Amino acid sequence: MESYVSDNSEKIVTIFGGAKCKEDSPEYQSANEMGRRLAEAGFTICTGGYLGIMEAASRGAREAGGRVLGIVMNQFKHEPNRFLTDKVATDHFYDRLQNLITRSVGFVAFKGGMGTVTEISLVWNKLTTGILGKRPLVLVGDCWKPVVDAWQQHLVVSDADTSFLDFADTAADASEIIINKSNGVVL
């Protein structure tokens with residue numbers, strides 16, 4: 001596996017989600033389908049590079065002949081998943097987050113833990129403050145709507161803030177949103 005070099009013409013989509021889901025879980029299957037669908041549509045898939053959702057999306061894309069970029073951490077003791085075609089190694093979590101975000105024309109989040117919440121929160125904040133130009137942030141699965149509703153109820157999250165989010169029940173729906181809304185995104 002080589003270090004990553006961008007040709008500036010590729011369209012990268014970053015996929016977030018938990019590392020603990022197993023291969024037989026619905027989330028793994030959905031992320032695998034997402035990676036495949038986006039690779040078939042000509043996107044490069046970017047993930048955190050390790051297990052669970054990251055592996056599933058990487059696997060789906062790789063098996064469809066797509067390019068798969070993993071943003072990995074030098075501090076982690078375990079190896080990246082075997083489906084990556086390229087990787088970028090980082091020393092710090094913030095550098096890793098920046099690499100996951102700044103390269104991408106769109107973002108997809110599956111069920112995960114606090115790492116996933118941190119990732120989508122940073123993307124969402126960069127979108128709402130205009131630090132990132134408009135691009136899709138798609139939350140996949142029935143877990144997200146109640147979480148966002150709770151944030152609106154208990155925190156200072158407005159309808160204008162939530163207008164930056166798209167919700168999808170399936171990988172097929174999420175793929176369509178990414179494909180339709182990422183056209184014309186300029187990095």
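Modeller: What follows is a set of questions about the words used for this predicted model, each answered by setting a value against its cut-off.

Biologist: Let us start with the aromatic rings; how many aromatic pairs does the structure hold?

Modeller: The structure holds four aromatic pairs, and one of them is formed by Phe 16 and Phe 107, with 6.2 Å centre to centre and 5° between the planes.

Biologist: What makes Phe 16 and Phe 107 a pair, and why is the pair called stacked?

Modeller: Ring centres must lie within 6.5 Å to pair, and planes under 30 degrees apart count as stacked; with 6.2 Å between the centres and 5° between the planes, Phe 16 and Phe 107 therefore form a stacked pair. Phe 16 belongs to strand β2 and Phe 107 to strand β6, so the pair ties together parts that are 91 residues apart in sequence.

Biologist: Why is Phe 16 called buried, and what is said of Phe 107?

Modeller: Buried means under 20% relative accessible area; Phe 16 has 3%, so it counts as buried, and Phe 107, at 0%, counts as buried by that cut-off.

Modeller: Another pair is that of Tyr 50 and Phe 76, which is edge-to-face, with 5.2 Å centre to centre and 70° between the planes.

Biologist: Are Tyr 50 and Phe 76 buried or partly exposed?

Modeller: Tyr 50 has 4% relative accessibility, under the cut-off of 20%, so it counts as buried, whereas Phe 76 has 27%, which is between 20% and 50%, so it is partly exposed.

Biologist: Turning to charges, what makes the contact of Glu 23 and Arg 59 a salt bridge?

Modeller: A salt bridge needs a side-chain nitrogen of Lys or Arg within 4 Å of a carboxyl oxygen of Asp or Glu; the N to O distance here is 2.8 Å, so the side chains of Glu 23 and Arg 59 meet in a salt bridge. This pair links distant parts of the chain, with Glu 23 in the loop between β2 and α1 and Arg 59 in helix α2, 36 residues apart.

Biologist: Why is Arg 59 called buried?

Modeller: Arg 59 has a relative accessible area of 18%, which is under 20%, so the word buried applies, while Glu 23, at 44%, counts as partly exposed.

Biologist: How do you know that Asp 86 and Arg 67 form a salt bridge?

Modeller: Their N to O distance is 2.9 Å, within the 4 Å limit, so the contact qualifies. Asp 86 lies in strand β5 and Arg 67 in the loop between α2 and β4, so the pair ties together parts that are 19 residues apart in sequence. Glu 10, Arg 67 and Asp 86 are linked in a network of salt bridges.

Biologist: Finally, why is Asp 142 called exposed?

Modeller: Exposed means over 50%, and Asp 142 has a relative accessible area of 68%, so it is exposed.

Note on methods. Residues numbered from 1 in each chain as written. Predicted model: local features only at pLDDT ≥ 70, side-chain atom pairs only at ≥ 80, totals over all residues. Heavy atoms only, no water. Buried < 20%, exposed > 50% of the residue type's maximum accessible area, 1.4 Å probe, protein only. Phe/Tyr/Trp six-rings, centres within 6.5 Å; stacked < 30°, edge-to-face > 60°. Helix = DSSP H or I, 4+ residues; strand = E, 2+ residues; numbered from the N terminus.
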